[in-house]
Amino acid sequence: MQARSSALYDRVRRVIPAIEWPVFADDVDAILDLKRQRNAVVLAHNYQTPEIFHCVADIVGDSLALARKAMSTEADVIVLAGVHFMAETAKLLNPQKTVLIPDLRAGCSLADSITAEDIRLLRQSYPDVPVVTYVNTSAKVKAESDICCTSGNAKAVVESLGVPKVIMLPDEYLARNIAAQTDVEIIAWKGHCEVHERFTPDDIRQLREDHPGVTVLAHPECPPDVVAEADFSGSTAAMSDYVGRQKPPRVVLMTECSMSDNVAVDHPEVEFIRPCNLCPHMKRITLANIRQALEQNRHVVTIEPEIAGRARLAVERMLAV
């Protein structure tokens, strides 16, 4: 184990057993070297595993943070440690840079739940109603939209349009949770996140019974009855901020597994209860294929120029809110 990776292990030793670290150390060192050689950065979503999130990533956060920070990097190459729509968004905002996704199979059940044709049909049914599209969608879907949003800024985006009614897609639960917070009428789609839709109010009640005093934080992609049962609901960034600000003695994050590990690294005084729903797509990204992406320049993200122009406009409108 080289000194460099050994120093990095000190940061994650609470969430990665010492016996596992030698498996990661060689790839970590290689990635650090490759980033320097290629003037590359790694962007990692909050759902990435700790050895990626804390040891090789240069920019971390939720989808909104990654979208914003991607625009300010001076790197020539961006490796997106996340799912495909995130890599497309990074490419939309950095059209002159090389954007790599380590595994083309890293998709998203939400992104797969709607197509560009679906939006065109919705516009026929609801003429003159603006379409607000969650960033968890393909570039082709974004190109058919008026403006994008994330779970962290959805309410602000909806209300920024100054209209009585919007179409909000594809996440039904996010739309219903935002509808409960605003007077704007929201027409929802039936898409769901395969991680968050599995949580139930009974899960929370059982957690409270098994872990007295636990504070429950729920992602707004969870069903509304789960959000209602929780103590707080917010994006992954908002949940992380809540833990840092409130420092609850015992907390549970109703979201993807690795989020708890990543937040726990910075808050050793907080006990994290971990009900584990894994995102199989996020877990396709590994240190090994991040290394291969940099070594072999794979897989390069490309977007047709006509689609990219319209999709970029929807994302830029969101960033301006």
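Author: Two strands pair if DSSP finds at least two bridges between them. In this predicted model, an open sheet of four strands has the order 2-1-3-4, and the pairing is parallel. Strand 2 (59-61) and strand 4 (98-100) form the edges, each pairing on one side only. On average, neighbouring strands of the sheet are turned by 20 degrees against each other, direction ignored.

Reader: How many bridges join strand 1 to strand 3?

Author: Five bridges link strand 1 (residues 40-45) with strand 3 (residues 77-81).

Reader: Which strands does helix 4 touch?

Author: Helix 4 (residues 63-70) packs on the sheet and touches strand 1, strand 2 and strand 3. Its direction makes about 150 degrees with that of strand 2. Helix 2 (residues 21-38) lies across strand 1, strand 3 and strand 4, at about 125 degrees to strand 1.

Reader: Is Val135 buried or exposed?

Author: Buried means under 20% relative accessible area. Val135 has 4% relative accessibility and therefore counts as buried. Val135 is found in the loop between strand 5 (131-134) and helix 7 (139-143). Leaving aside neighbours within four places in sequence, its contacts include Ser63, Phe85 and Met318.

Reader: Where does Ser151 lie?

Author: Ser151 lies in the loop between strand 6 (147-149) and helix 8 (154-160). With a relative accessible area of 14%, Ser151 is buried.

Definitions and conventions:
Residues numbered from 1 in each chain as written. Predicted model: local features only at pLDDT ≥ 70, side-chain atom pairs only at ≥ 80, totals over all residues. Heavy atoms only, no water. Helix = DSSP H or I, 4+ residues; strand = E, 2+ residues; numbered from the N terminus. Buried < 20%, exposed > 50% of the residue type's maximum accessible area, 1.4 Å probe, protein only. Contact = heavy atoms within 4.5 Å. Axes fitted to C-alpha atoms, helices over the stretch in contact; angles between N-to-C directions.
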